[in-house]
Number of protein chains: 2
Amino acid sequence: MTSLDVSREAGVSQSAVSRAFTPGAHISPDTRRRVLDAAERLGYQPNAIARSLVTQRSGIVALIVGELHNPFYPQALSQMAQALEARGKRALLLTHDGRRDVQETLDAARSYQIEAAVVFPTRLSSTPPSLGDPLTDGVPVLLFNRQLPGHDLLSVSCDNHAGGRLAAQLLYGSGARRLAFVGGDPDTSTHQDRLRGFAGWLAEAGVELLAAPARAFQYDWGMQATLDLHTAGLRPDGIFAANDIVALGVLDALRVLGRRVPDDVSVIGFDGIPEGARAAYRLTTIRQPLDLMIEDALEALFGPPGPATGRLHPGELVWRGTVGGAQP
Amino acid sequence: MTSLDVSREAGVSQSAVSRAFTPGAHISPDTRRRVLDAAERLGYQPNAIARSLVTQRSGIVALIVGELHNPFYPQALSQMAQALEARGKRALLLTHDGRRDVQETLDAARSYQIEAAVVFPTRLSSTPPSLGDPLTDGVPVLLFNRQLPGHDLLSVSCDNHAGGRLAAQLLYGSGARRLAFVGGDPDTSTHQDRLRGFAGWLAEAGVELLAAPARAFQYDWGMQATLDLHTAGLRPDGIFAANDIVALGVLDALRVLGRRVPDDVSVIGFDGIPEGARAAYRLTTIRQPLDLMIEDALEALFGPPGPATGRLHPGELVWRGTVGGAQP
DNA sequence: CTGAAAGCGCTTACAG
DNA sequence: CTGAAAGCGCTTACAG
C-alpha cells in the first residue's frame, strides 16, 4: 500500500498524497480531504523509512542503556521515550553491557541515521578514550547524569557536588559528628562529585570524614559496607549513601545491627526513587529533578546551540524520616 | 558519505561496495578488502534506512511498554532488547500510557516498517476491542506475559494458573488453613489466572479462601490490603500475593502489625524480582523464567510458524524464608 | 494549488 | 566475479 495506490483511489497525483500528509504543505483543503479519505479506506500510512531517506531526517534518537539495576534509570528511560514521542521523535533502544565499547554501539546506531543519542550511565569511565569527537561526528551525543572530563560531549546532570555539600550540612545539623560516606562505583562522576561535595563541606567545618568505602551502586554493597564499617568498630552516627539503592542497603544493615534510625544514626541518600518512600524506609534523600533534566536534555540536543557541556540541576531535598533533628 | 564515494575511493563500482557489506554476496576477497579499506578510510557505514527501503526489511522491532513500576518489566525490556540485538534486529521503544489506545501506538510504529511488535503489559484489558486482527495486519504482535482471550495474538506467558495452584499447595503444606490472596490489577490475565489456580486448588482441598482483595500490582496496595485484612479481623495465616512487588508490601505490613513471618503467617509471591532476595525480605516466590520466555517470544515472532497463541512456561519455585515448614 | 520528474542511498536481477 | 541500471516509497524544487 503506497502513496501511488492512494493517489489512484483519490484521483489525484502522487505528489498530492504526499502533500496531504505533510503539515504546512500547499494543498487545498478539498484535495487533502479526498486524499485522507482514500487513505483511510485503504488503510494507508506514509512510509517513514522512505520519508527519512529523502528528507535526510530520520526522527530517530538512540537511547543507550546499560544495566538497569537502579530503578532511577528505567524511569528516566521511559520518561525520555515519552518526551521524545511528544516531540515527534522515535526512540531506538540500544543496550550497552559495559564489555564492549560505547563507540561500537553508537556506530551501529548511526547506520539508522539517528539525529541524536542519549547515553544512560553504565561504567562509562572504562571507555573514555574512544568517547571523543569522532563519536559525535555529526550527531549530538548527550550523557545523562554523567560527565566525562576532557570530552566535548553534551551532558545533563544533577548538581552532585552541591548535593554532597547539602548532605554533609544536613547530617551535621542533625548532630552527627562521626560521618561516613558509603560510595557507589568509584569510577563514576556521580560518585566522585557527591563525595567531593560531602568531604569538602566537612573539611571546611573541621569535621573528619570517618570512612568512604566504595564499590558499586547496589543494595547489597550498601548493606555490606555498613556491616564492614561496624565490624571495624567505626560506628558512624551519620551516613551519606551515594544513591538511594545503596542507602536502602545501609538502612537494612543498620536494622540488622540494631542501630536505630535516626536516633542512633542518621542516613541520607540521593536520587529520589519511589522505593525510598516506603514505610519500611522513609528515606530522607536528595531528589534529582528528572522532569527538568529530561526537558533540558532535549533542549540541549534539539534547541538552539547553547553551552556545550555540563548543564547542572540542583537536587531537591526530600525530608522524610532518616535524618534526625528538625527539618531545615 | 555514501557508497558512491567509497566506490570511487576504492576504484570499483557502487554495486561492489554494496556487495562488500552484504554477507554472502558474490564478491572476490580481494575486492572486498579494497572496499572495506576505503570505507575505513572514509569512515563510511552503510545507510540502514536506504537498505531497509529496498530490501523491504527494516530489522526494526517495536517494544511497547507502559508504566515501569514493577521492576520485572525493565529487566524484561532490557533483556529483550539485547536478545533482539543478538539477532541483528533493532528495538524501537514506544511508550503506552494506558490513556490512549495500544492500536494508535502500533500504527505509529508501523510507519517505520516494523517487522514485529512486543507489547509489555499495562492495563491491556481496557482496550481489547481494538486489539483485533487489523492490528496484526502484516506484522506479528506478541503480548508478553498477558493473554487476551478472543484475540488471535501471539503470547508468551508464565503458567500463571499452575503457579497459583503451586502457591496454594505450598501454603497448605506449611500448615496454613486461613488463606488469602492479595491480588493485583483484577482486569489482567496474570491476576485472574493466578487467582483461579490458587482458588481452584483450595476448593479441591476443601479449604475456604478467606479473602481476595484486588486493585493494583503495587507495593502500597499490598501493604494496604494486608492492613485492611487485619482491621477486618481476618488474620490469615497464609498469603499468596499476586506478584513480588505486592508481596513486599504484604511483608512490610505484617512487620508493622507485629505478625511474624513465617511463624505466624506464610507469604509467597510471584515473579522472582531481585528485590525479593534481600535480607529484609527473603521472599519465597515463583520465578518467571525470563530467559526462556524471551527466547520463546523471539522464536514465536521469527521462527517457523507454530501454535499461534498462548505459549506457557512453568514458573520455578524459589524457596527462601517466608513460607513455613520444610522445602518440598 | 497541482502534477511530472528528479533524486535520497541503497540492493539486486541482468548481462557480460 | 563485476558493472550498469532499475527501482524501493517517498519529498520537493520546478513549471504551469
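Analyst: Quick ground rule first: two strands pair if DSSP finds at least two bridges between them. Helices (H or I, at least four residues) and strands (E, at least two) are DSSP runs, counted from the N terminus. This is a predicted model, so local features need pLDDT of at least 70 and side-chain atom pairs need pLDDT 80 or more, while totals for chains, interfaces and linings use all residues. Residues count from 1 along each chain as its sequence is written, chains are lettered from A and ligands numbered from 1 in the order written, and side-chain values use heavy atoms, without hydrogens or water.

User: Which residue in β3(B) does B:Leu63 stand opposite?

Analyst: Start with the strands: β1 (residues 60–65) of chain B and β3(B) run parallel, joined by four bridges. Within β3(B), the residue opposite B:Leu63 is B:Val118.

User: And in β4(B), what is the bridge partner of B:Val119?

Analyst: β3(B) also pairs with β4 (residues 141–144) of chain B, in the parallel sense and over three bridges. The partner of B:Val119 there is B:Leu143.

User: Are the residues on the two faces of β3(B) buried or exposed?

Analyst: In a regular strand, side chains alternate between the two faces of the sheet. Here, one side of β3 (residues 116–119) of chain B has B:Ala116 and B:Val118, and the other has B:Ala117 and B:Val119. Buried means under 20% relative accessible area, exposed over 50%, and partly exposed in between (1.4 Å probe, protein chains only). Both faces are covered, and these four residues are all buried.

User: Over in chain A, what are the edge strands of the six-stranded sheet?

Analyst: That sheet is open with mixed pairing, in the order β7-β6-β8-β9-β10-β12, and its twist averages 25° from one strand to the next. An edge strand pairs on one side only, and in chain A that picks out β7 (209–211) and β12 (316–318).

User: At about what angle to β9(A) does helix α8 of chain A run?

Analyst: β9 (residues 266–271) of chain A is joined by three bridges to β8 (residues 238–241), which runs parallel to it, and A:Gly238 has A:Ser266 as its bridge partner. Helix α8 (residues 160–173) lies across several strands of chain A, including β8 and β9. Axes are lines fitted to C-alpha atoms, for helices over the stretch in contact (heavy atoms within 4.5 Å), and angles run from 0 to 180 degrees between N-to-C directions. For α8 against β9(A), that gives about 165°.

User: How many disulfides does a search of the whole structure find?

Analyst: The test is a pair of cysteine sulfur atoms within 2.5 Å. Over all chains, the count is zero.

User: Is B:Asp296 buried or exposed?

Analyst: B:Asp296 belongs to helix α12 (residues 290–302) of chain B. Beyond its neighbours within four places in sequence, B:Asp296 contacts B:Val156, B:Arg311 and B:His313. Its relative accessibility is 13%, so B:Asp296 counts as buried.

User: How far is a polar side-chain atom of B:Thr31 from a phosphate oxygen of DNA strand D?

Analyst: For comparison, a side-chain N or O atom of B:Ser13 is 3.0 Å from a phosphate oxygen of DNA strand D. For B:Thr31, the distance to a phosphate oxygen is 2.4 Å.

Notes: Polar contact = N/O pair within 3.5 Å; in protein donor to acceptor, adjacent residues only side chain to side chain.
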